[in-house]
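Open the model in your viewer and keep the selection panel at hand. Each stop below says what to select and what is there.

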Amino acid sequence: MATKAATRVRKKEVVKVVHGALLRTHIKAGMASAAPPLGPQLGQRGVNVANFCKEFNKETGHIKPGVPLPTRINVKPDRSYDLEICSPTTSWLLKQAAGIRRGRQFYGEVAGKISVKHVYEIALIKSKDRALVGVPLEEICRKIIIQSRSIGIEVQKEDLDPELLKQFLAERSGTVAKQLAELAEKKAAKMLRTG
Amino acid sequence: MFRLVVTKSHNICRTPVAQGSVRHFAAPGAKVVPQKEDKSFVDTDAEKLSKHVCVNFYVQGEEPGPAIKPDSEYPEWLFKLDLKPPQPLEDLDPEKDGWQYWRELRKRQMQQMRRLEQVRLKRLHLQDSPSMKNWRRF
């Protein structure tokens with residue numbers, strides 16, 4: 001419709017950014033690239049993307065490639081930036097400690113098992129972040145437990161028993177395979193319907 | 001004193017740092033190609049998972065991660081942490097739990113408001129009807 005098209009197209013006013021813009025993203029260690037979503041995000045704030053990627057990959061050279069790292073990029077008005085690379089995401093750390101890659105799919109499902117000692121070690125890693133400098137370890141542990149609940153990882157007070165854990169992991173791998181197969185089936189069915 | 005060692009297979013430069021530890025830098029040419037992550041992978045090595053916290057993310061670090069020490073090495077409060085799932089409103093008491101009860105109550109009220117809003121928007125044609133006049137009083 002001609003009128004609809006005319007009303008929809010409106011001239012976007014160029015907003016001049018005066019304050020420093022903070023960009024909060026997760027970037028995988030050693031894998032910063034100019035491709036979306038990172039490229040456009042940096043480009044919009046006026047940061048030199050190629051330089052940034054080189055610097056980021058250099059800084060994270062000592063970390064295993066592929067580890068998601070939350071980064072805070074403070075872009076100043078003169079196009080320079082402050083890069084703050086934090087410790088890996090808590091969800092990634094929890095999944096590594098439990099030996100899984102996928103979280104839970106529905107409420108009440110147990111995706112992995114962990115003990116409070118694992119939580120303590122993870123809290124030690126997280127406590128080195130600038131944002132968590134004054135926070136007592138107890139508080140960090142509590143936050144990690146809340147997050148593990150959301151991922152579906154069960155936290156137990158006693159140490160993990162290897163035999164029971166082995167049984168659980170064997171069951172879990174079967175369940176995960178089934179879930180993924182179901183999802184693949186649904187996707188294939190959808191493709192057949194529309195395509 | 002800097003000592004540059006370039007190995008053919010890995011193509012990395014080693015630059016010693018003051019304390020004597022070695023930092024690995026990927027050479028400018030080396031690029032990490034993102035691989036498709038295998039989501040179906042479940043680590044079945046139960047021994048490793050129960051003896052170590054496998055969270056080592058450094059290239060050069062203790063594999064597979066910090067070892068789990070006996071109970072005495074950890075602080076007291078660790079074993080007193082609250083591991084129970086969040087209690088529903090019915091199990092909470094304003095006298096005993098105080099602010100948590102009121103927080104749960106508020107959450108419950110917001111859920112009810114949200115449900116009512118949905119119903120209201122679904123039945124927009126009934127908005128001026130006398131039966132929907134006092135909907136906020138529910």
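This is a predicted model: local features need pLDDT of at least 70, side-chain atom pairs count only at pLDDT 80 or more; totals for chains, interfaces and linings use all residues.

Residues are numbered from 1 along each chain as its sequence is written, chains are lettered from A and ligands numbered from 1 in the order in which they are written, and side-chain values use heavy atoms, with hydrogens and water left out.

**Stop 1: the annotated span**

Select residues 24-81 of chain A. UniProt, in an unreviewed entry, lists them as "domain: Large ribosomal subunit protein uL11 N-terminal". Such positions follow the numbering used here, feature names are shortened, and annotations may be inferred rather than shown by experiment. The span is 31% helix and 24% strand, and its end C-alpha atoms lie 13 Å apart. Helices (H or I, at least four residues) and strands (E, at least two) are DSSP runs, numbered from the N terminus.

**Stop 2: two residues inside it**

Pick A:Thr25, in strand β1 (residues 21-28) of chain A. A:Thr25 counts as buried because its relative accessibility is 11%. The cut-offs: buried is under 20% relative accessible area, exposed over 50%, partly exposed in between (1.4 Å probe, protein chains only). Beyond its neighbours within four places in sequence, A:Thr25 is in contact with A:Gln41, A:Leu69, A:Pro70, A:Thr71 and A:Arg72. Contact means heavy atoms within 4.5 Å.

Now pick A:Ala29, in the loop between β1 and α2 (38-44) of chain A. A:Ala29 is buried, at 0% relative accessibility. Leaving aside neighbours within four places in sequence, its contacts include A:Phe56, A:Ile63, A:Val67 and A:Leu69.

**Stop 3: the interface of chains A and B**

Show both chains. Here 46 residues of chain A are in contact with 44 residues of chain B. The area buried between them is about 4100 Å², with carbon and sulfur atoms giving 69%. Buried area is the accessible area (1.4 Å probe) that two parts lose on being put together, summed over both. Select A:His62, A:Arg101 and A:Lys117: they supply 18% of the area that chain A buries against chain B, more than any other three residues.

Which residue of chain B meets A:Lys117 in a salt bridge? The partner is B:Asp71, at 2.6 Å, N to O. A salt bridge is a side-chain nitrogen of Lys or Arg within 4 Å of a carboxyl oxygen of Asp or Glu. The rule finds two across this interface. Next, colour chain A by element: α7(A) gives the most to the side that touches chain B, with eight residues.

**Stop 4: salt bridges in chain B**

Over all chains the count is 14 salt bridges. Select B:Asp43 and B:Lys48, which meet at 3.2 Å, N to O. B:Asp43 is buried at 13% relative accessibility, while B:Lys48 is partly exposed at 28%.

Finish at B:Lys107 and B:Glu104, whose closest N and O atoms are 3.5 Å apart. They are separated by about one helical turn because they sit three residues apart in helix α3 (residues 99-122) of chain B. B:Lys107 is partly exposed at 39% relative accessibility; B:Glu104 is buried at 16%. Last, select A:Lys117, A:Asp159 and B:Asp71, joined into one network by salt bridges that share partners.
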